[in-house]
Amino acid sequence: MKYIFYLLPGLLNVVISLFHFITTKRMADSGATSLLVTATIPTWALTYTAASFFIGRFATRSNAVKITLISQIILLISMAGLIFSSSVNMQFLWLTGSGIGTGLFFVPFQAVVKLFEKKEIALETFARSTAIYTVSWSSGQAIGPIIAALLWGYFDPQNGWKYCYLLNMAIVLLVIISLFFMQVFIRKRINEENHLALSACDAEGKQPDSAATAANTASESTLPDVMRSAWLLALGGYLALAVIRSYLPDYATKTLQLPTSAQGMMLGILSVLQVTAAACFIKTRYWPYRPYIGTAGCICAVMSFVLILNVDHAQGIWLATGLFGIFSGIFCYNLTYHALANAAKSARYASINETIVGATSILAPLGAGFLADCAGAAMPFYCLIAILLATAFIYSCMLWRYRNTGR
C-alpha cells in the first residue's frame, strides 16, 4: 500500500504540468502579450508559495492527511472552474485556487512521508532516496505535457484542453480516495511508533535510534557542507526552467508557429530526460561534491538555448529541451541530495529550496515576458545564456577545492 502513496506526488505533478501548459497555451493562442502569457505560472506560484509557507507552521503528522484532503477539494473545484472558463482571463482566478490546493498538499505530505518506511535514511542511501524522489515527481511532469499533446493536439485541437481538465479531475478524485486509505495507514504507524517509544523509555531510558544517529553524524562529518553551491546551481537552473515552461510555448506559438502537439511533446521530452538523468545517479555518492557534473549540465543548458535561437522546426526544439532536461535532472537531484546529506539542517535547507523554486517561478516568467515585449522575442534566451555561463563559472570555483573528495 505504501508504494501507492509514493505515487501521489507524481499524480499531482501530472495535474500541475497539465494546467500549466493549458493555461499558458490558451493565453498564447488568444493573441495576448508575452507578459500576460507568462503571468499564468507566476499567478499559481504566488499562492502556492504562500500556502506552503503558511501551512508549514501548522502541519503535523497527526493532521497532515486531513490538510491534504482539504487541499484536494480546493484543487478539484479549481479544475472544474478552469473547464468552464470561456474567457482566458478567468484562468487567473482559478490558477489562484490551484496554487492554494497544491500548496496545501506537498508540505503536509512531506511531514508524514518518513512514516512509510520503518528505517531512517542512512548516509549510504541518500543517493538512492534522492534519485527515486526526483524520478517520481519528474515523471509526473513528463506525463502531463505528453497527455496534452495527445488529447488536445491530436484528438481534438479545438476542445481537447477540456478533456485534459476532465482527466485532471479524475486524478484528483483518485488521490482523494487514496488519502482515506493513507489516513488509516498513518494512524497505525503513529500508534506503533508511540508504542516503541514507550518501550524504549522503559528499557533503561535509552533512545532506540541513538546508535544509528551517532553513526550517521560520524559519517556526515567526513563530507563538507556545500549547500550554497547547490543553491547557486538551482537558482540558475530554476530561472531557466521557469522561462522554458512559461515563455517557450509563447515563443513556439508566435515565432516558430509550432502546433500544440509539438509543443506538448517538447515539454514532455524535457521531463523524460530529467527523469533519466536523475535515475542515472541512483548509485552515485560523491559527484555532488565535485564541480564536473554540475558544470557539464550548465553547458548542456547553454547549448539548448543556442539551439532554440537557431532552429525553426519541432525536431530541433525537441533536441534543445532534451538537452535542458539533462541539466534539470542534475540540479534537481543535487538540490535534494544536499538537503538530505546535512541531516541536522535538513528542515531549514528544505525551506530555502522551496523558496528558490517559488521565487523563480514568479519572477522568471514575468521577466521573460517583459524582455520579449520590450527587446524582442529572443532576448530572454540571450539573458539565460549569460546567466548560465556565470553560474557554471562560479559553481566550479566553489567546488574546485573539493574535487578529490571520496578518493
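**Reading the surface and the interior**

Modeller: On the surface, a nonpolar patch is formed by Met1, Ile4, Ile177, Phe180 and Phe181, which together have about 530 Å² of accessible area. Please note that this is a predicted model.

Biologist: Which helix gives the most to the nonpolar patch?

Modeller: Helix α7, residues 160-202, gives the most, with three residues. Phenylalanine 180 is found in helix α7. Its relative accessibility is 51%, and exposed means over 50%, so phenylalanine 180 counts as exposed.

Biologist: What is the pattern of the protein, read along the sequence?

Modeller: Read in that way, the pattern is α-α-α-α-α-α-α-α-α-α-α-α-α-α. The protein has 14 helices and zero strands. Of its 407 residues, 53% count as buried.

Biologist: How is a pair of aromatic rings described?

Modeller: Two quantities are used: the distance of the centres and the angle of the planes. In this structure the count comes to 23 aromatic pairs, with ring centres within 6.5 Å as the criterion. One of them joins tryptophan 287 and tyrosine 333: the ring centres are 5.7 Å apart and the planes stand at 25°, so the pair is stacked. The reasoning rests on a cut-off, because planes under 30 degrees apart count as stacked.

Biologist: Where do tryptophan 287 and tyrosine 333 lie?

Modeller: Tryptophan 287 lies in the loop between α10 (260-280) and α11 (292-310), whereas tyrosine 333 belongs to helix α12 (residues 314-341), so the pair ties together parts that are 46 residues apart in sequence. Both tryptophan 287 and tyrosine 333 are buried.

An edge-to-face case is the aromatic pair of tyrosine 289 and tyrosine 337, at 6.1 Å centre to centre with 80° between the planes. This pair also links distant parts of the chain: tyrosine 289 is in the loop between α10 and α11, tyrosine 337 is in helix α12, and the two are 48 residues apart.

Biologist: Are tyrosine 289 and tyrosine 337 buried or exposed?

Modeller: Tyrosine 289 is buried, with a relative accessible area of 2%. Tyrosine 337 is buried as well, at 3%.

Biologist: Which residues form one aromatic cluster?

Modeller: The cluster consists of Tyr238, Tyr247, Tyr251, Phe305, Phe324, Phe327, Phe331 and Phe381.

Biologist: Over which ring does the charged end of arginine 26 sit?

Modeller: The charged end of arginine 26 sits over the ring of tryptophan 161, at 3.9 Å from the ring centre.

Biologist: Let us turn to charged pairs. How many salt bridges does the structure hold?

Modeller: The structure holds two salt bridges. In one, the side chains of lysine 25 and aspartate 29 meet at 2.6 Å, N to O. Lysine 25 and aspartate 29 are four residues apart in helix α1 (residues 2-29), so about one helical turn separates them. With 3% relative accessibility, lysine 25 counts as buried, while aspartate 29, at 43%, counts as partly exposed.

Biologist: Which side chains meet in a salt bridge at 3.0 Å, N to O?

Modeller: They are the side chains of aspartate 250 and lysine 254. Both residues lie in helix α9 (residues 227-254), four residues apart, which is about one turn of the helix. Aspartate 250 is buried, with a relative accessible area of 1%. Lysine 254 is partly exposed, at 35%.

Biologist: What is a disulfide in general terms?

Modeller: A disulfide is a covalent bond between the sulfur atoms of two cysteines. A search of the whole structure finds zero disulfides. As for individual cysteines, cysteine 280 counts as exposed at 58% relative accessibility, and cysteine 397 counts as partly exposed at 49%.

Biologist: Finally, what separates the C-alpha atoms of leucine 307 and tryptophan 318?

Modeller: These C-alpha atoms are separated by 9.8 Å, and the two residues are eleven positions apart along the chain. Leucine 307 lies in helix α11 and is partly exposed, with a relative accessible area of 22%.

Notes: Residues numbered from 1 in each chain as written. Predicted model: local features only at pLDDT ≥ 70, side-chain atom pairs only at ≥ 80, totals over all residues. Heavy atoms only, no water. Phe/Tyr/Trp six-rings, centres within 6.5 Å; stacked < 30°, edge-to-face > 60°. Buried < 20%, exposed > 50% of the residue type's maximum accessible area, 1.4 Å probe, protein only. Lys NZ or Arg CZ within 6 Å of the ring centre and 35° of its normal. Patch = residues over 30% accessible without salt bridge, like charges linked within 9 Å, V, L, I, M, F, W, Y side chains within 5 Å. Areas by Shrake-Rupley, 256 points an atom, 1.4 Å probe, with all protein chains shown as cover. Salt bridge = Lys/Arg side-chain N within 4 Å of Asp/Glu carboxyl O. Disulfide = S-S within 2.5 Å.
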